[in-house]
Amino acid sequence: MSNLNSGVRAAAAAPKAAPRELKQERAGRTRRQLLNAAATAFAEKGFPSVTLQDIADRAEVTKGAVYFHFTNKEAVAVAVTEEFYTQLPAIAESVTARLLPPLDAVAELLLQTAVALRDNPVMQAGARLQIERNLVDADMPTPFSEFTHLITELLAQARHEGTLRTTTDIASMARVIVAAFFGSQHISWVQHNRADLTERVREIIDVTLPRHA
């Protein structure tokens, strides 16, 4: 009997998730559902054609749930774009963690980002929303600045090590590579729904980094 009482007391003393914590967890899951649904909608239809009801239907929640998390469609677009700029650094970190030679790191960064743009609705939506940013009545993140900065650093490192022999201004070279990359992904999207994106990116690498290891 004493063992039974001890078990009851132990169960009663076990920590339980507070109702507030459970509510926050559910709210976090719902917000994630909404972001994923919005990303898919924006990627497929574009900002002007998407409604909050579209997002709610795709997320399988009520329209009221959308308003609980976001004040309007512009706020959803900003959140999706911010998520896009969270995923870009994550790709960069996975590449830099491999300690590749700098030019190889540039090539791998471009290829991995191409794969993400081909397969990931959040990445697709972020790229499209940057094109449509003049249609979004909200402050949007500055496009591709950190991405360009990382490529600039890698190119500078390569030139310092002697693996990149060019008299071209490194910052200019990085901007050209980024412009070519995101322009190429746009053309690939319009023409082939990004099915040939990695091949197009390999062309950019071959032209801009012909001597990469």
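**Entry 1: Pro141**

I began with Pro141, which is partly exposed at a relative accessible area of 21%; buried means under 20%, exposed over 50%, and partly exposed in between, with a 1.4 Å probe and protein chains only. The model is predicted: local features need pLDDT of at least 70, side-chain atom pairs count only at pLDDT 80 or more, and totals for chains, interfaces and linings use all residues. Residues are numbered from 1 along each chain as its sequence is written, and side-chain values use heavy atoms, with hydrogens and water left out.

I placed Pro141 in the loop between helix H7 (121–131) and H8. Helices (H or I, at least four residues) and strands (E, at least two) are DSSP runs, numbered from the N terminus. Leaving aside neighbours within four places in sequence, I found Pro141 in contact with Thr81, Glu82, Tyr85, Gln130 and Arg133, where contact means heavy atoms within 4.5 Å. Glu82 is 59 residues from Pro141 along the chain, and their C-alpha atoms are separated by 7.1 Å.

**Entry 2: the whole chain**

I counted ten helices and zero strands. Of the 213 residues in the protein, 42% are buried. I also looked at contacts between residues at least 6 apart in sequence, and 66% of them join residues at least 24 apart. The accessible surface comes to about 11900 Å², with 53% belonging to carbon and sulfur atoms; the areas come from the Shrake-Rupley method with a 1.4 Å probe, and for residues only the protein chains shown count as cover.

**Entry 3: helix H10**

The expected span is 1.5 Å times one less than the number of residues.

Which residues of H10 are buried? I listed Leu197, Thr198, Arg200, Val201, Ile204, Ile205 and Thr208. Seen down the axis of H10, these fall within an arc of 160 degrees, so they line one face of the helix; the arc is that of the directions from the helix axis to the C-beta atoms. Glu203 and Val207, on the other side of H10, are exposed. The cover over the buried residues of H10 includes helix H6 (102–119) and helix H9 (170–192).

I then took H6, where 14 of the 18 residues are buried, so the helix is largely enclosed by the rest of the structure. Its first and last C-alpha atoms are 26 Å apart, close to the 26 Å expected.

In H9 I looked up Gln185, which is buried with a relative accessible area of 2%. Beyond its neighbours within four places in sequence, Gln185 is in contact with Leu117, Ala127, Arg194 and Leu197.

**Entry 4: the largest pocket**

Which helix gives the largest share of the lining of the largest pocket? I found that H8 does, with six residues. Helix H5 (73–96) and helix H8 (145–161) each supply at least two lining residues. Among the lining residues are Tyr85, Leu88, Phe144, Phe147 and His149.

Glu60 lies in the loop between helix H3 (52–59) and helix H4 (63–69) and counts as exposed at 73% relative accessibility. Leu99 lies in the loop between H5 and H6 and is exposed, with a relative accessible area of 74%.

Key:
1 Å grid on protein atoms, 1.4 Å probe; cavity = no way out; pocket = protein on both sides within 12 Å on 5 of 7 lines; lining within 4 Å.
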